[in-house]
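These are my notebook entries on a structure I went through element by element. I record what I looked up and what I found.

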Amino acid sequence: MLHSFLFWDCSFTLDHQPTGRNSDFHLETFLSQTPSSQCNLMEPRNITRISKFLLLGFSVRPELQPLIFGLFLSMYLITVFGNLLILLAVSSDSHLHTPMYFFLANLSFVDICFTSTTVPKMLWNIQTQTKVITYEDCITQMNFFVTFAGMDDFLLAVMAYDRFVAICHPLHYMVIMSPWLCGLLVLLSWITSVLYSLVHTLMVLGLSFCTEVEIPHFFCELNQMIQLACSDTFLDNLVMYFAAMLLAGGPLVGIFYSYSKIVSSIRGISSAQGKYKAFSTCASHLSVVSLFYCASLGVYLSSAATQSSQSSATASVIYTVVTPMLNPFIYSLRNRDIKRALKRIVGIQ
């Protein structure tokens, strides 16, 4: 529900203050006699929380909605099915109970959750021909989206560290990457991501929205919500960009550092076969890192340059839907252990 309040900007001087039971009459008489240039009735200003948002999605043309529905439903089913196969393969094959595949299983689980925060709601809106999302659902969607996006960042950094230890310190790999350390790294990633999301959620809860807000996106994206607020968002923008540089830039710096050490170690290997074997263990992870970061950075840099919300929404599909869909293929096509486990699951020897 919206509550509106009227504010008057009046410039006047009274010789005496009306008091008593006639005070309302004197004030009414004064307002009726005051020129409009001296007393301006300002527009209504909504200062309380609205009850719903409108997700505009990709296209307003009705004939394109079935095509969009079919495309996103197919990508969503492939994402869920592919990542579930990775989870099943890792959990069922004892040869895959190693730190690398432990982190891969966590990444697959996060990718399923990451996509499930946005696509099902969009599919439901297309099917029911509505654009409405309640305020509570929008805040919840934003909270989980930021959490799982943060988890993707941290897990990719942890996986880069795992490859660094495996290639640069192979003799001490199992000692360094103990089950205790692996579990601790994943737990810290979850805690940091949840706290990061909680900060943004609490700040958005303090914002007010003046009208029925139309979000030019297919989900409740943090930056879009801050831009559409009618209250002061300086602090929100400051926290958002600072946290993004710290919590997204930090893992990226860790990934660059890990691979700089990996490249140095690979260059020190004398045989070409040894170099290829060492690099092949990193190829899948490098592909996923490049796809995720290039897509996400490209979205925000292009949206900042063009100020086009519609193009930003379209480009966001790459890292919110396409990347989680391709991850199982990237890791399975170049990995003999995963392919062997998958063949055993489907009954192919």
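**Entry 1: model.** I note at the outset that this is a predicted model.

**Entry 2: second largest pocket.** I looked up the second largest pocket and found about 730 Å³ of space in it. I counted 24 residues in its lining, and Lys-277, Ser-280, Thr-281, Arg-334 and Asn-335 lie nearest its centre. Helices H3 (99-116), H5 (135-168), H11 (272-306), H12 (309-333) and H13 (336-346) each give two or more residues to this lining. The largest share, six residues, comes from H11.

**Entry 3: second largest cavity.** I searched the whole structure for cavities of 30 Å³ or more and found two. The second largest cavity has a volume of about 30 Å³. I list its lining as Asn-83, Ile-86, Leu-104, Leu-107, Ser-108, Asp-111, Asn-327, Pro-328 and Tyr-331. Helix H2 (65-92), H3 and H12 each give two or more residues to that lining, and H3 supplies the largest share, with four residues. By class, the lining of the second largest cavity has five nonpolar, three polar and one charged residues.

**Entry 4: Thr-115.** I placed Thr-115 in helix H3. Is Thr-115 buried or exposed? Thr-115 counts as buried because its relative accessible area is 0%, and the cut-off for buried is under 20%. Beyond its neighbours within four places in sequence, I found Thr-115 in contact with Tyr-76, Thr-79, Pro-120, Thr-320 and Pro-324.

**Entry 5: nonpolar cores.** The largest nonpolar core has 66 residues, and I noted that Phe-58, Phe-72, Phe-103, Leu-156, Met-177, Ile-255 and Ile-338 touch the most other members. H5 gives the most to this core, with 13 residues. Apart from this core lies another, of 24 residues, including Phe-154, Tyr-196, Leu-207 and Cys-220. I also looked up what surrounds Ile-338: leaving aside neighbours within four places in sequence, its contacts are Ile-86, Val-90, Leu-96, Tyr-101, Leu-104, Tyr-331 and Ser-332.

**Entry 6: helix H7.** Helix H7 (residues 179-205) has 27 residues. I computed 39 Å from its first C-alpha to its last, close to the 39 Å expected at 1.5 Å a residue. Its buried residues are Leu-181, Cys-182, Leu-185, Val-186, Ser-189, Ser-193, Tyr-196, Ser-197, His-200, Thr-201, Met-203 and Val-204. The cover over these buried residues of H7 includes H3, H5, helix H6 (173-176), helix H8 (222-228) and helix H9 (234-247).

**Entry 7: Lys-339.** I found Lys-339 in helix H13. Lys-339 is partly exposed, with a relative accessible area of 34%. Not counting residues up to four places away in sequence, Lys-339 touches Ser-332 and Leu-333. I also checked Lys-339 against Ala-89: the two are 250 residues apart along the chain, and their C-alpha atoms are separated by 8.9 Å.

**Entry 8: Gln-129.** Where is Gln-129 found? I located Gln-129 in the loop between helix H4 (119-128) and strand S6 (132-134). Gln-129 is not a glycine, yet I recorded a positive phi of about 55° for this residue. With a relative accessible area of 74%, Gln-129 is exposed.

Conventions
Residues are numbered from 1 along each chain as its sequence is written. This is a predicted model: local features need pLDDT of at least 70, side-chain atom pairs count only at pLDDT 80 or more; totals for chains, interfaces and linings use all residues. Side-chain values use heavy atoms; hydrogens and water are left out. On a 1 Å grid over the protein atoms alone, a cavity is a set of points where a 1.4 Å probe fits but cannot get out, and a pocket is an open set with protein on both sides within 12 Å along at least five of seven lines; lining residues have an atom within 4 Å of a point. Grid points are joined across faces, edges and corners, and a volume is the space filled by probe spheres set on the points. Buried means under 20% relative accessible area, exposed over 50%, partly exposed in between (1.4 Å probe, protein chains only). Contact means heavy atoms within 4.5 Å. The expected span of a helix is 1.5 Å times one less than its number of residues. A nonpolar core is a set of buried Ala, Val, Leu, Ile, Met, Phe, Trp, Tyr and Cys residues joined through side-chain atoms within 4.5 Å. Ala, Val, Leu, Ile, Met, Phe, Trp, Tyr, Cys and Pro count as nonpolar, Asp, Glu, Lys and Arg as charged, and the others, Gly among them, as polar.
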